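Biologist: I have a model open on my screen and would like to learn how to read it. Could you take me through it one feature at a time?

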Amino acid sequence: MSGGDIIVHGDVSGDPGAGMSGGRIIVNGRCPSPPPGVQLRTLEKTEVAQINKLLDDDELHIPADAVCLVAEGDFVEGKMASCKDDFSGISLVPNTSSHLPNHSTCDTVSLIGNEEALALPIPLLPYIPDGVQDDLFHPCLVRDNPRDCDIVMIDSDNIATAAGLVKSAAGFAIDMDSLPRLDGAAIDGLLISLRCIAGPLSKILLVRGVNQSPALHADSQHHGIDVAISVLNDGSGLCAAGALPLVGRSATSTLDDTCKAALWLPWSASSEDLAILCASNISFTICPVPDEDVAGWIAQISADLSAHLNRLGLASIDALTRTNLRACDQDSAAVSGLRLAGYDRPMPHWFAR
């Protein structure tokens with residue numbers, strides 16, 4: 001709990017208010033000792049009068065002996081492991097001896113959805129939490145102020161205002177890890193509610209930690225989701241190279257053409273990152289943007305991506321496969337299953353049964 005008031009007429013169970021960082025819990029009943037970080041106190045007369053005035057119902061008024069739970073001291077948030085590496089141990093190599101001229105035009109478009117799809121000029125969905133503030137002609141993932149081409153993120157912090165947000169956006173992404181555990185029926189109910197408000201052509205994305213990718217892909221396929229997004233920085237500390245077979249293999253075995261897999265990186269992606277992920281059966285990338293000149297950053301990635309494809313002799317980014325990837329060191333080869341440069345085949349343990 002981070003704010004507002006909760007009024008309970010009746011008894012509460014153990015650890016009342018656990019994890020709260022703001023707001024008040026007023027209990028008109030028996031209340032056990034609170035956990036660390038929560039203070040139990042009596043209400044001031046002015047607080048009782050104010051709350052009863054807001055309730056405006058004699059049957060719901062709280063008595064003077066009701067107790068109040070509030071946060072005590074500064075809230076200390078637990079920290080988890082983070083991904084400490086990138087894809088620098090993986091390189092892009094051609095499969096043929098031919099290449100394309102530098103001026104060749106390459107197809108780098110990635111689509112979200114099937115009917116009236118949302119087109120990404122390059123396989124990148126930048127994450128800009130507060131919304132796009134300049135003339136950026138590129139779809140983005142936002143939490144506030146969505147444009148009609150943006151995808152809006154719905155999580156525990158803004159789900160109360162989701163109805164207004166999804167009306168203005170091209171689609172919505174649900175952060176499953178920020179919400180309480182939802183079974184299939186609860187996911188259906190949430191999706192139907194938001195779909196009815198957003199419209200039938202709204203694109204739908206589900207977001208979960210990378211180690212939950214198989215379950216995420218199964219849920220996405222079952223519920224007719226457009227994109228399943230795996231978050232690399234999910235607190236496990238999984239290395240970036242190790243996420244490639246985890247997400248790519250699951251997507252290949254579980255998802256069909258109606259649902260795509262994406263990976264959320266904790267750093268601002270480069271053209272090499274996009275190409276490596278596309279070659280691993282990951283359709284596009286979500287990542288934070290650099291502090292300045294977002295449009296210039298996207299334009300540079302687009303130019304670099306075309307240069308890579310021309311060097312590899314490929315006219316489309318969809319033609320990239322794992323055969324275009326090489327692990328530059330044994331650690332990257334061991335966790336990714338990619339061919340080791342020089343050895344030119346995967347490490348032997350990837351063939352073991």
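This is a predicted model: local features need pLDDT of at least 70, side-chain atom pairs count only at pLDDT 80 or more; totals for chains, interfaces and linings use all residues.

Biologist: How many helices and strands does the protein chain have?

Modeller: The protein chain has eight helices and 17 strands. Its C-alpha trace spans about 85 × 45 × 40 Å along the principal axes.

Biologist: And what share of the 353 residues is buried?

Modeller: Buried residues account for 44% of the 353. As for contacts in the chain with a separation of 6 or more, 54% of them come from residues 24 or more positions apart.

Biologist: Let's turn to helix packing. What describes two packed helices?

Modeller: The angle between their axes and the distance between the axes.

Biologist: Which residues of α6 and α7 meet?

Modeller: From α6, Ser271, Glu272, Leu274 and Ala275 take part, and they meet Ile301, Asp304, Leu305 and His308 of α7. Sorted by class, this contact has four nonpolar, two polar and two charged residues.

Biologist: Why do positions three or four places apart in an α-helix point the same way?

Modeller: An α-helix has 3.6 residues a turn, so residues with that spacing face the same way. On your screen, you can look for Ser271, Leu274 and Ala275 among the α6 residues that meet α7.

Biologist: Is α6 mostly covered or mostly open?

Modeller: Mostly covered, with eight of its nine residues buried. Among them are Asp273, Ile276, Leu277 and Cys278. After α6 comes Asn281, which has a positive phi, near 65 degrees.

Biologist: Now the aromatic rings. What describes a pair of them?

Modeller: The distance of the centres and the angle of the planes. Searching the whole structure gives two aromatic pairs. One of them joins Phe87 and Trp267, with 5.8 Å from centre to centre and 70 degrees between the planes. This pair is edge-to-face, because planes over 60 degrees apart count as such.

Biologist: Where in the chain do Phe87 and Trp267 lie?

Modeller: Phe87 is in the loop between β4 (67-71) and β5 (90-92), while Trp267 is in the loop between β14 (260-264) and α6. The pair links distant parts of the chain, 180 residues apart. Phe87 counts as buried because its relative accessibility is 3%, and Trp267 counts as buried at 18%.

Biologist: What about the pair of Tyr127 and Trp264?

Modeller: Tyr127 and Trp264 are also edge-to-face, at 4.9 Å centre to centre with 65 degrees between the planes. Tyr127 belongs to strand β8 (residues 124-127) and Trp264 to strand β14, which puts them 137 residues apart. Tyr127 is buried, at 18% relative accessible area, and Trp264 is buried too, at 13% relative accessibility.

Biologist: To finish, is Gln133 buried or exposed?

Modeller: Gln133 has 66% relative accessibility, so this residue counts as exposed. You will find Gln133 in the loop between β8 and β9 (141-142).

Note on methods. Residues are numbered from 1 along each chain as its sequence is written. Side-chain values use heavy atoms; hydrogens and water are left out. Contact means heavy atoms within 4.5 Å. Helices (H or I, at least four residues) and strands (E, at least two) are DSSP runs, numbered from the N terminus. Ala, Val, Leu, Ile, Met, Phe, Trp, Tyr, Cys and Pro count as nonpolar, Asp, Glu, Lys and Arg as charged, and the others, Gly among them, as polar. Rings of Phe, Tyr and Trp (its six-membered ring) pair if their centres lie within 6.5 Å; planes under 30 degrees apart count as stacked, over 60 as edge-to-face and the rest as tilted. Buried means under 20% relative accessible area, exposed over 50%, partly exposed in between (1.4 Å probe, protein chains only).
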